[in-house]
Amino acid sequence: MGDTPYSKAAGAASRGIDIEDDYSEWELDLDEGASPPTYEAESHEQSSSARNDTDYVEGEEYEQLLDPNLPDQETIELHRMDSGSLASFDDETASKTNEENSPYEEVRAAVRNYDEDLPCNTLRAWTIGLTLVLVGASMNTLFSLRQPSIGLGALIAQIIAWPFGRAWEKVVPNRQINIFGFRCDLNPGPFNIKEHSIIVVMASVSFSVAYATDIILAQLVFYKQNFGIIFQLILTISTQSLGYGIAGMMRKFLVYPASMIWPGNLVAVDLMNAMYEKHHVSDPSVIGGRMPRYRWFAIVTLLSAVYYFIPGYFAQFLSVFAFATWMAPQNPVVNQLFGGTTGLSLFPITFDWTQIAGYIGSPLIPPWHAIANTTIGVIVFYIILATSFHYTGVWYSQFLPMSDSSTYDNTGASYNVSKILTPDFTLDEEAYKAYSPVFISTTFALSYGLSFAAITALIVYTYLHHSKAIWAQYKNSTSEKPDIHMKLMQKYKEAPSWWYLSLFGIVLALGFISVLAYPTNLTWWAFLLAVGISFVFSLPIGIIQAVTNHQIGLNVLTEFVYGYIQPGRPLALMLFKTYGYITMSQALSFVSDLKFGHYMKIPPRTMFMAQVVATTVSCFIQIAVLNFALGNIEGICDLTQPQRFTCPGGRVFFSASVIWGLIGPARVFSPGQIYSSLLVFFVVGAAAPIIFWFAARRWPRSPAKYLMAPLIFGGAGSIPPATPLNYLSWGIVGYVFQHLVKKHHFRWWSRLNYLTSAGLDLGLALGTLVIFFVFTLNEIEAPRWWGNDVVTSTMDYRGDAIQVVLPAGQTFGPQVW
């Protein structure tokens, strides 16, 4: 999912530098002209106000009743704090209490409703940003080859950048230099919040390891194909950057409207504002209200980091507190029902933030209705339906695990793909017929069905709920009033659409080169189909993500489509999947960053340059590090590699290419095949949004308006390898903070909720890094005692909780396939 973006305005003065746009310091005519300092809520142009008042389309008031993110009784004054604006907690913002603000309380709690003129396109921001790109992209690429892997997120970059920026402010001399004929300030004044935001955006787009590296690993290590480093660079750049063109075209739909909240941004925004608060205003009525907000964040981070040593190292039974499996460690049914690793976790108890937030993200971020929809899906499908299917023998489940992501043959052993491969890595049909069909666990099979349902539900849901707004936006009007943040951004020149379209054309040409100039077996029309799938689904999936913080994946859809249209081409399938899925995922990651810049009042042209440059630089870094590792780490990608550099991502990618590209979905899902019944989920997914829509229209103030079929079907997309333990514990914590605390302790929630989330995440990351580098790399095992040994003694942990284990030589399943 892409990394979440980061925060906003306020900070030190610009020391009298004239800022045309952030490019002004470089004296480039690329940026926006700035209006007088501190552009406040009242200072909007009359034309904006006129449009604001007249473009309210007919029926909008009724449609607001169906917007799940708006409060039940939507007034701007709802939950207003007694002592100041929800958007900030310093004196300057408190004075703006009566000014216009966002209609959404989550946004009001995190985002300031004014802008300040501060430089951000500075030599300092670029130097620190690209340095962090180098460090983060290289480290994440290297450790992605290891199992378990470790990664640096943009949140860590946000913390590290602050002391670097302050040190630069104090140490570097205040003079101008020429770079390629452009004059720029070595030290443009105090390190400010907008420079900091640009640095974090660079980290956000570059720290995630490119999906294409898994294709390269599968090629080099498993298929023994090497097309050369030029192919690797072209492939990586094209897959990482093709989404920019789509992002540019989606701005008016996914960035500008106030209803497109992008909740994942609010944590970083709130943290950034806390880091740059000028004056501390205490609120003694809430816990932690007497201290500066950044101090609260530091305390939560420290406690989270120290605490993680308990469930993560010293007392690991607290991580998956499946006490029923400890009492019956060799009982397969008990382990299937109550296990938290490969079971259903009917008692979802954990004391480890990794289990709660590791797969899904922090439950303190999404709105409660999104958490509730996801939890409903988990209970209905992965608890009730999975239990009934598994214990009635559907899909030969008595011979298979309840929940894992592996593939099996008809003896219950792991599927040996080498038995059905020709020397050219194509399918040997006779060997396949003599060996076995593919079998998967119950939750794995359901996850495919739910993926089918999520796609059709997404299409129908988008048509029912957003088609009018999309059409209005397409015609350059709007279906809702521009909010304060859109008005404040109007003083900056927008990045022209032709910038995005030109970049899209260049990267598309690189994509054609990568698939046609090399023997990939992917045809030109299939490549365009993959790009078309990404483009078509970017808008509906983006709407869901912008509202709920959940992204519906296209990986199963792309594998399904290509596996049918051109079976027997595993490398081509990997490329089709990447261009069809990752292009959309990258586009929405870029859109999320643009919304972050929108909240932070970063000039759009500066955002464009920072995103494109950081992404491109990171591609070169990742390919260099990948090839260095493959050439210098002995035994890399072997399962017995001493430092555990086993290439887990490339291995899974290879297996998926064999199953979907080699065997193909026709042999798995077509009528008459083992899992053909899952195709009914396409119909179920299309019908559910219609039922929910009619219910919401009939009873617009009832809970029916919160039901979102795409989220119910696709919200738990990480199961497996995630388990119901992860989602149910996430749902419980989300209910506490995003419903109970928000409802009954709104002052605390609006002041400290997002900072608490950031502190928990950062503390976990720091604790994990220490354990990894101090203990894991040095092969220092955790203490041997009951609290650690009991975890590894269960069938749930070992993954062998199977009801019927066949004797050697016997098989299950159909006789012919």
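Start by selecting Asn632, which counts as exposed because its relative accessibility is 51%, just what the cut-off of over 50% asks for. Keep in mind that you are looking at a predicted model. Asn632 belongs to helix α25, which covers residues 604–632.

Next, go to Ser729 in helix α29, residues 724–744. Is Ser729 buried or exposed? With 4% relative accessibility, Ser729 counts as buried, since the limit for that class is under 20%. Show Leu725 as well, and you will find its backbone oxygen 2.7 Å from a polar atom of the Ser729 side chain. To see what else surrounds this serine, leave out the neighbours within four places in sequence; Ser729 is then in contact with Pro348, Thr350, Gln355, Ile356 and Pro724.

From there, move on to Arg751, a residue of helix α30 (residues 746–776). Its relative accessible area is 1%, so Arg751 is buried. Which backbone oxygen does its side chain reach? Select Met291: the Arg751 side chain reaches the backbone oxygen of that residue at 3.4 Å.

Stay with α30 and bring in helix α13, residues 293–314. The axes of these two helices are 6 Å apart, and the packing angle is about 40 degrees. α13 and α30 cross in a right-handed way. If you colour their contact by residue class, expect 18 nonpolar, eight polar and two charged residues.

For the last stop, select helix α8 (residues 212–223) together with helix α9 (residues 229–241). Here the axes lie 9 Å apart, at an angle of about 150 degrees. How are α8 and α9 oriented to each other? They are roughly antiparallel, because the cut-off for that description is over 145 degrees. The crossing of α8 past α9 is right-handed. Show side chains for the residues that make the contact:

- on α8, Ala212, Ile215, Ile216, Gln219 and Leu220;
- on α9, Phe231, Gln232, Leu235, Thr236 and Thr239.

Coloured by class, this contact of α8 with α9 shows six nonpolar and four polar residues, with no charged ones.

Technical notes
Residues numbered from 1 in each chain as written. Predicted model: local features only at pLDDT ≥ 70, side-chain atom pairs only at ≥ 80, totals over all residues. Heavy atoms only, no water. Axes fitted to C-alpha atoms, helices over the stretch in contact; angles between N-to-C directions. Helix = DSSP H or I, 4+ residues; strand = E, 2+ residues; numbered from the N terminus. Parallel < 35°, antiparallel > 145°, perpendicular 65-115°, else oblique. Left-handed = near helix turned anticlockwise from the far one by under 90°. Contact = heavy atoms within 4.5 Å. Nonpolar A, V, L, I, M, F, W, Y, C, P; charged D, E, K, R; others polar. Buried < 20%, exposed > 50% of the residue type's maximum accessible area, 1.4 Å probe, protein only. Polar contact = N/O pair within 3.5 Å; in protein donor to acceptor, adjacent residues only side chain to side chain.
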